[in-house]
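Subject: Structure handover

Hello,

Please find the structure below. My notes on it follow.

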Amino acid sequence: VSSTLFLKRIDPKYLPLTYVASAIFISIFSMVYTKIGGKFRRDKTIIGSFAVFAIVTFGLRGALEIAANSLLLMGTLFVFVEVMGTIAIIQFWTFANDVFTTREAKRLFAFMGAGGTIASIVFGGIVRSTVEIIGTPNLLFLMAGLLIFCMFIVFQLGHIFQKELESLEKRENASGSEPETPNLIEDFKQLIKSSHLITVAASLVVISTVVIIVDYQFMITARQSFGDENTLAAFFGSFFIYTGVAAFLLQFFITNRLLTRYGILFALLFLPVILLVTSVGMLAASTSKWVLSAATFAKGSDNVIRYSINNPTFELLYMPVPAKFRSRAKA
């Protein structure tokens, strides 16, 4: 929704600014989250965050009736979705790190990550089949409803893993070394002391840089190839269906075998190698049709491999980090 509305209602010259704004606000809200999130049990923090996300989503949908073509509103929607997605992913994997052991994580993380993949398939199909009927902006009502449903799921998980969460809370309180209010400067000092975390951060910087370039190429090419916003939204829906199916197959039949047989390093190499190959293909494309195909394949490779292999594998790199610092180190 955010991509479609921005690409069709706003001059594409402003698209690079959304990446800048997203980076700034993701950084700001990540720091805010570390301060607030450290004061409450993980499940309660997530429920509170999703309540705020749902309210803002309803508010943005209402604002679309007043200022349909506003650069400020379209930019706010785009950045909000990026911030929400980043915070939600941090919360999801940190919650998983809190309640599972390293052995359980290796066995379960790939399957847990498949939830997002299945959602891409299901809701990609819903978007493609309903967008012409209800219109792109009204899909925000669906998103808000799903956020509320997620609050119910996390509430149930809080009961299921109550012992693990309470045990973690007691260990953190008993350590005596953790300040009640996390200090950003102290967090940076602690992070810099860890060569492991510095290496992880450097890897994320490189991956993020490449992914932004691939995403920009895909967005601009898609905008030029489709006439109206509903058609573009339907294309994005189809894109998520096909990439979701591919990612689902990788997660269930490849990821665990890769990690078990070849280890973390081999699994992490998949994304950079495939992006290299697809980028060369885009460079060699000669017609607009082939450019769209190459850009879609490059973006699709990112979506498929990053969420099916790279992210679950990357999360294992955080397991050696002490639980009390893990969430803040990610942010």
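Of the 331 residues of the protein, 43% count as buried. Please keep in mind that this is a predicted model.

Overall picture

The secondary structure comes to 14 helices and 0 strands. Read from the N terminus, the order of elements is α-α-α-α-α-α-α-α-α-α-α-α-α-α. The radius of gyration is 20 Å, close to the 20 Å that the globule rule gives for 331 residues, so the protein is as compact as a globular protein of that length. The C-alpha trace spans about 60 × 50 × 35 Å along its principal axes.

If we take the contacts between residues at least 6 apart in sequence, 82% of them join residues at least 24 apart. The protein exposes about 17200 Å², and carbon and sulfur atoms supply 69% of that area. As for charge, there are 28 positive and 20 negative charges, and their mean positions are 5 Å apart.

Aromatic pairs

The structure holds 18 aromatic pairs. In one of them, Y19 and Y216, the ring centres are 6.5 Å apart and the planes stand at 70 degrees; an angle over 60 counts as edge-to-face, so that is the class of this pair. Y19 lies in helix α2 (residues 15-37) and Y216 in helix α9 (residues 195-225), so the pair ties together parts that are 197 residues apart in sequence. Y19 counts as buried, at 15% relative accessibility, whereas Y216 is partly exposed, with a relative accessible area of 33%.

Another pair is F50 with F53. Their ring centres are 5.9 Å apart and their planes are at 45 degrees, so this pair is tilted. Both residues lie in helix α3 (residues 42-64), where they are 3 residues apart, about one turn of the helix. F50 is buried, with a relative accessible area of 10%, and F53 is buried, also with a value of 10%.

There is also a cluster: ring pairs link F218, F226, F235, F236, F239 and F240.

Helix α14

Is helix α14 largely enclosed by the rest of the structure or left open? Of its 8 residues (323-330), 6 are buried, so the helix is largely enclosed by the rest of the structure. The buried ones are F325, R326, S327, R328, A329 and K330. Their cover includes α2, α3, α4 (71-99), α8 (184-192), α9 and α13 (288-316). Helices α2 and α9 hold the tyrosines Y19 and Y216 described above, and α3 holds F50 and F53.

F95 has its place in helix α4. At 7% relative accessibility, F95 counts as buried. Which residues does F95 touch, not counting those up to four places away in sequence? They are R42, D43, I46, L157, F161 and L165. F95 and K44 are 51 residues apart in sequence, and 11 Å separates them in space, C-alpha to C-alpha.

M84 is also found in helix α4. M84 counts as buried, with a relative accessibility of 9%. Leaving out residues up to four places away in sequence, M84 touches F53, M143 and L147. F53 is the residue that pairs with F50 in the tilted ring pair. From M84 to N303 the separation is 219 residues in sequence and 18 Å in space, C-alpha to C-alpha.

V81 is found in helix α4 as well. At 22% relative accessibility, V81 counts as partly exposed; the cut-off for buried is under 20%. V81 and F53 are 28 residues apart in sequence, and their C-alpha atoms are 9.2 Å apart in space.

L72 has its place in helix α4 too. L72 counts as exposed, at 68% relative accessibility. L72 and I10 are 62 residues apart in sequence and 9.9 Å apart in space, C-alpha to C-alpha.

In short

The predicted model has 14 helices and 0 strands. Its 18 aromatic pairs include the edge-to-face pair of Y19 and Y216 and the tilted pair of F50 and F53. Helix α14 is largely enclosed by the rest of the structure.

Regards

Definitions and conventions. Residues numbered from 1 in each chain as written. Predicted model: local features only at pLDDT ≥ 70, side-chain atom pairs only at ≥ 80, totals over all residues. Heavy atoms only, no water. Helix = DSSP H or I, 4+ residues; strand = E, 2+ residues; numbered from the N terminus. Rg over C-alpha atoms; globule rule 2.2 N^0.38 Å. Buried < 20%, exposed > 50% of the residue type's maximum accessible area, 1.4 Å probe, protein only. Contact = heavy atoms within 4.5 Å. Areas by Shrake-Rupley, 256 points an atom, 1.4 Å probe, with all protein chains shown as cover. Lys, Arg positive; Asp, Glu negative; His and termini not counted. Charge placed at Lys NZ, Arg CZ, Asp CG, Glu CD. Phe/Tyr/Trp six-rings, centres within 6.5 Å; stacked < 30°, edge-to-face > 60°.
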